[in-house]
Each structure stands twice: as structure tokens, then as C-alpha cells.
Amino acid sequence: MTELALLADAARILEAFWHGSVGSSSAFFSGTLVRAIPLIVIGVGVSLAFRAGVFNIGGEGQLALGAIAASIVGLTLPSMSVLSAIAALVFAAVAGAVWAGIAALLRHRFGVLEVISTLMLNFVAANLVSYLVRGPLQEPSRIYPQSELIAEAARLPRLWMGTRLHFGIAIAVAVAVGAWWFLARTAAGFRLRAVGASPTAAVVTGRVNAGRVAAMALVGSGALAGVAGGMEVAGVTYALYENISPGYGFSAIAVAMLARLHPLRVIGAALLFAILETGALGMQRDAGVPAVVASALEAVAILAVVAFSGGLQIKSWRLRGATEAATP
Amino acid sequence: MSDLAPFLEAAVRTATPLLIASAGESVTERGGVINIGMEGCIIAGAYAAFAIGSAFPGAGYPAGALAGLALGVLLVLFSVTWRRDQIIVGTALTMLALGVTGTLFRARGTETALTFEPAVVAIPLLSEIPVVGRALFAQPLVGYAAILLVVAIWFFLRRTHAGLSLRAVGDAPEAARAAGVNVERVRAAAVLFGSVMGGIAGAALVLAQAGTFAENMSAGRGFLAIAIVALGRWKPIGVALASLVFGAAMALQFVVQSMGWSIRYELVLMIPYVLTLAALGAFGRGVAPAALGKPIER
């Protein structure tokens, strides 16, 4: 291939990236911003958990549980106008929290590393969704692996006509601001940061129950991932599908790391990764470049942040706690 | 009962890659490093074995080992040399490997239908023992190699000076350093060994089990390997037994398919993961290496 042809190829790929991500208002509002919503919400949750020294890498599973809960609410509860949508998201949060709560319980009671348990729960959740959309929740014609559409009332309103941007963007920004306020301005936020910075010092003060703070951080981040899953159903797909998340739970880790675990910076980082992912999808559509390349780029972003920010040393007190508890 | 023999055969076949990966991970963890990138090592090894093995038959296993090694070098650089958090780096390495292998595989386009036929080596007489004969004594060569690996690791940890150094670095790195052990070098070696085993496990998945490559075909085996090490209490024999249990749990899906039972397939696929959680809850309080997950103080 001549250099000219290579250049033309590169130009075509970049053009496809541009068109897919920010090149038109429909790409930006219907694609990129919609994709940023779960990344912001889960990214904030991951930031809170990591700040407390808890390695929740189960966002993917907690999201799936939230999506299941929102679907069940949207399919079964009678319509109560706007209350339906609120109920869907509340149940989604509870489902995500319960799913993370299993990991918290296993850790607290039985000393199981949350790194292992949250990962295992991801696989259980994915198979649970597959089971539901091929079994009890399958649409009436029983042909497609998906649920029926949820009630209109349970759907999140679209923000403006002609685009798919839904009310979830406002919720996502509110979550980020709320988490920032919580960390910076409340006593509980201070305790969370103290436990993450130095669990032994936090415990020595006698005022902090490090185990409980860490468990609450894990459950809270699960609730946020659950809300993100609920919003995917209530705002985007209107039905439960397999693979409802294209890896948001893992991308959110990249988002949180790039934001250096700061909730407000998560918004910018999520937008950046949403552009990267929708751009990659555009490249796949128009230039035949596989979109999974985005996952590799996100990994490189995590590694770059980790390499260049020596100050971001998270204390994995969990691992220490487990071994101390286990030593006879 | 006529189905027991094929089930055991499937269980042992399924357990082989798990056993190789978790045996490698157990050595890494004995040195104080937890390798969440094991999943990445397996998928990288699987793809390398598929791509290189298609072009050069016989080069599949070395290619898989090299792919695992490449990820291991990154983990050493970040987590041993630069002392960055092992879990975050490992997660990133898994994402990197899944992204890169997925991209390369899709970019291959049409020539993806290549399949490998695993050669089974049956040991005369022993393989004719009823029920367990074919499961244990009519395996692909890599199955026998996996059993030898467990014995070798047991011998290494228990009977050699280097094994003692490794355990010291995992349990009390400062003391090991004071005793003159180059702790960074020992940890690096432990990570590289585990990653190479992960790559070989991936190669075995392609060459001796599935016969071809599919995106995400590691399907959490690297994560299961980490759970298996904890269940096997960081001991070679325990790890081997736990691998076999999980191989059996994963092989259940074939039984359900062939028997036409009315249990939903998706629920059967859940079993290994639920079993992991239950088993870790019940017996997970083993004696983890005391310095597991911690960077070494300087």
C-alpha cells in the first residue's frame, strides 16, 4: 500500500470517529451524552469505593441487577404517572445495593476478598439476565431473548424532541455533585476518606468502625451502579436485554482512575470515554475498525494514570484485613 | 451410570486449563502478588496459540506462553518496580488483553473457522480402567503436563531453597530482605511464572479443549483461578483438587445438554460462580500469604 493510500485510510477512520462521537448533534446528544450517563453514575460509585479502599469491580453485575429490578417494576406495577419512573429507579438502586451487599457480607462475616466475590457476582448476574429474558420475563411471542416493553409511565422523559437524551443526564450530574458534597463536607465523607487513607489510624481514633465504613462504601457504590442499570432500561432500551451493558462497569473504573477518584472530575472523564466509545462504534460502522479497540485504549488510559500519579496510592486495607483475620 | 465416564472425561478436560492457571497463580500469590490480570493472560495466550498455531503448527504453546509473559512483564513493571496497586493494574491488563485480542480477532475477518483437533495420548491398560480410565489416562499431553506441574510446584515450595525464599517474600518481605533475599527479583520471577502459566492455560483452552478461538472465550477462568487458589489454601494439592471440582461444575453444562434435562441452561452456567462464592464463604479462611497485595516497603 502506498503512503498516500495509508493517509487516505487514516483520514477515513478519523472521519468515522468524528461522525460517530461529536460530528453531528444527533451523534453527540443521542449517542455520546446518553452513553456518558451510566459512566458518570458508576464512575462516581467506583470513586467512592476506591476512596474507602474497597475494590468493587462488580459494577457490571450490580448494573444488571438494577436493570432487572427496573424492568420488573416497569412491567408489573400499575402506572402511577411519574411515580412509576421513580419507583423503577429506587428499586434499581436497592437491587444494586443488595447485590453489592452480598459481597460486603461475605467480606465482613467470612473474610472473602471483595475483588473475587464482586467478579463472581458479575457472572452470576449475567446468567441471571439470560435466564430471565429466555424464561419468566420473555416477551409474549417467545421468539426474542428480551422482555416486553415497560410501561410508558415508567420511562424517563426525553429532554428534547428528536434526540435520545433522557432525564438521566440530570440525575447523573446530581449524583456527581452530591458525592462531591458528601466527601468534602460531611462527617461520614470524612470518615470514608480517613478509612481509605489509613485504616489503622482511623480505627485508633476510636470513632471510626473501619469495617462498617468500608461495607457501606461497597453497598453505596452498588446502589449507584444499580441506578445506572435502571436508567438504561427506563431511559434507553425500555426493555431487558442480554448484554444490556457493553462493559460500563469496567469502563467506569477507567473513568474513576482518570478522574483520580474526584466525583466532579468524573463527569469530564466519563464524557471523554463516551466520546472514545461512540467514536469507536462509528469507526466500526463506517471504516471497519472493530469497536473493542476502545477497551484496549481505556486500559492504556488506566495504566498511564497509574504510572504518572504516584500520589494516588490506594490502601487496599481489605487484603490486609483478610490476612490479619486469618492469621491464627 | 453409563454417563459417568464421559462426564468425568469432560470434567478433567475442562479442569486442565483451570489447573494450569491456578497453579501458576498460586506461585505468584505465594510471592505476595495477586494477579487480577490472569484473565488477560489466558485470553492473550488463547489468541496467540490460535493465530500462531494456525500458521505454524506446533508453535501454539510457545506462542501462548510468550503472550502471557508479555502481560507479566507489564505487571512486574507497574506493581513490583513502581509499586502501583496490584488490583487496579491487573484489572487494566485484563481489559487490555480482551480489547487487543478482540480487535485482532475481528480484523482477521473470514479465516476464523480454523479448528484444531486435540491429539489424545492413551496409556495402554491404565486407560481401560472402568469409569475413571479414560478421564485420567487418555488425555491430551497437556493434561499430563498439568499434573506434573502440580507435583513440581509442591516439590519446589517444600524442598528447595528458592521455594523457601519465595514463601518468605510472600509472608515477611522485610525479614526476607534482611536475610539477604532480593525480594523484588523473587516477586518478579513469581509474577512472570504465573503469567506464563496463564498464557499456556489459554493455549490449552484453544488447542486441547475448544479447538478454536472465540472472543472472551476465557469467560472468567482467570478470575476463577484466583478463587481456586484461595479455596485450595495456597497449597498445590488443594489447588489441584479445587480445580477438579470446578472442572466438574463447568462440565455439568454438557451433561445437561446431552441428557435433555429440563433445567434452564443459563442456571447451570451459574453453578461454578455460585459454588465459588459459597465455598469461599464456607472454607475461604485459609492462610493467605501475609504480604499478599501489599507493595514491599523500602
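This briefing describes the confidence, salt bridges, surface patches and selected backbone features of the structure above. The model is a predicted one, with an ipTM of 0.88 and a pTM of 0.89. Over all chains the structure holds nine salt bridges, and a network of such bridges links residues of chains A and B, namely Arg134(A), Glu242(A), Arg264(B) and Glu266(B). Its surface features include a patch of positive charge with Arg159(B) among its members and a nonpolar patch of about 860 Å² to which Val94(A) contributes.

**Confidence**

- For chain B the mean pLDDT is 89, and 96% of the residues in this chain reach 70 or more.
- Within chain B, confidence is highest in helix α3 (residues 60–81), at a mean of 96, and lowest in helix α5 (residues 133–137), where the mean is 81.

**Salt bridges**

- Glu215(B) and Arg106(B) form a salt bridge in which the closest N and O atoms are 2.8 Å apart. This pair links distant parts of the chain, since Glu215(B) sits in the loop between α9 (183–210) and α10 (221–231) of chain B while Arg106(B) belongs to helix α4 (residues 86–108) of chain B, 109 residues apart.

**Positive patch on chain B**

- Arg158(B), Arg159(B), Arg233(B) and Lys235(B) gather on the surface in a patch of positive charge.
- Arg159(B) is part of helix α6 of chain B, which spans residues 141–159, and this residue counts as exposed because its relative accessibility is 54%.
- Arg233(B), another member of the patch, is placed in the loop between α10 and α11 (236–259) of chain B, and with 37% relative accessibility Arg233(B) counts as partly exposed.

**Nonpolar patch on chain A**

- The nonpolar surface patch of about 860 Å² is made by Leu77(A), Met80(A), Val82(A), Leu83(A), Ile86(A), Val90(A), Phe91(A), Val94(A), Val98(A) and Ile102(A).
- Val94(A) lies in helix α4 of chain A, which covers residues 82–110, and its relative accessibility of 45% is why Val94(A) counts as partly exposed.
- Leu77(A) is located in the loop between α3 (59–76) and α4 of chain A, and Leu77(A) too is partly exposed, with a relative accessible area of 37%.
- Leu77(A) and Ala154(A) are 77 residues apart along the chain, and their C-alpha atoms are separated by 9.1 Å.

**Backbone angles and a sequence-distant pair**

- Arg142(A) has a phi near 60°, which is a positive value in a residue other than glycine. Arg142(A) is placed in the loop between α5 (114–134) and α6 (168–185) of chain A, and with a relative accessible area of 48% Arg142(A) is partly exposed.
- Arg233(B), already named in the positive patch, has a positive phi of about 55° although this residue is not a glycine.
- Ala10(A) is found in helix α1 of chain A, which runs over residues 3–21, and Ala10(A) is partly exposed at a relative accessible area of 36%. From C-alpha to C-alpha, Ala10(A) and Met283(A) are 11 Å apart in space and 273 residues apart in sequence.

Note on methods. Residues numbered from 1 in each chain as written. Chains lettered and ligands numbered in written order. Predicted model: local features only at pLDDT ≥ 70, side-chain atom pairs only at ≥ 80, totals over all residues. Heavy atoms only, no water. Patch = residues over 30% accessible without salt bridge, like charges linked within 9 Å, V, L, I, M, F, W, Y side chains within 5 Å. Areas by Shrake-Rupley, 256 points an atom, 1.4 Å probe, with all protein chains shown as cover. Salt bridge = Lys/Arg side-chain N within 4 Å of Asp/Glu carboxyl O. Lys, Arg positive; Asp, Glu negative; His and termini not counted. Charge placed at Lys NZ, Arg CZ, Asp CG, Glu CD. Helix = DSSP H or I, 4+ residues; strand = E, 2+ residues; numbered from the N terminus. Buried < 20%, exposed > 50% of the residue type's maximum accessible area, 1.4 Å probe, protein only. pLDDT = per-residue confidence, 0-100.
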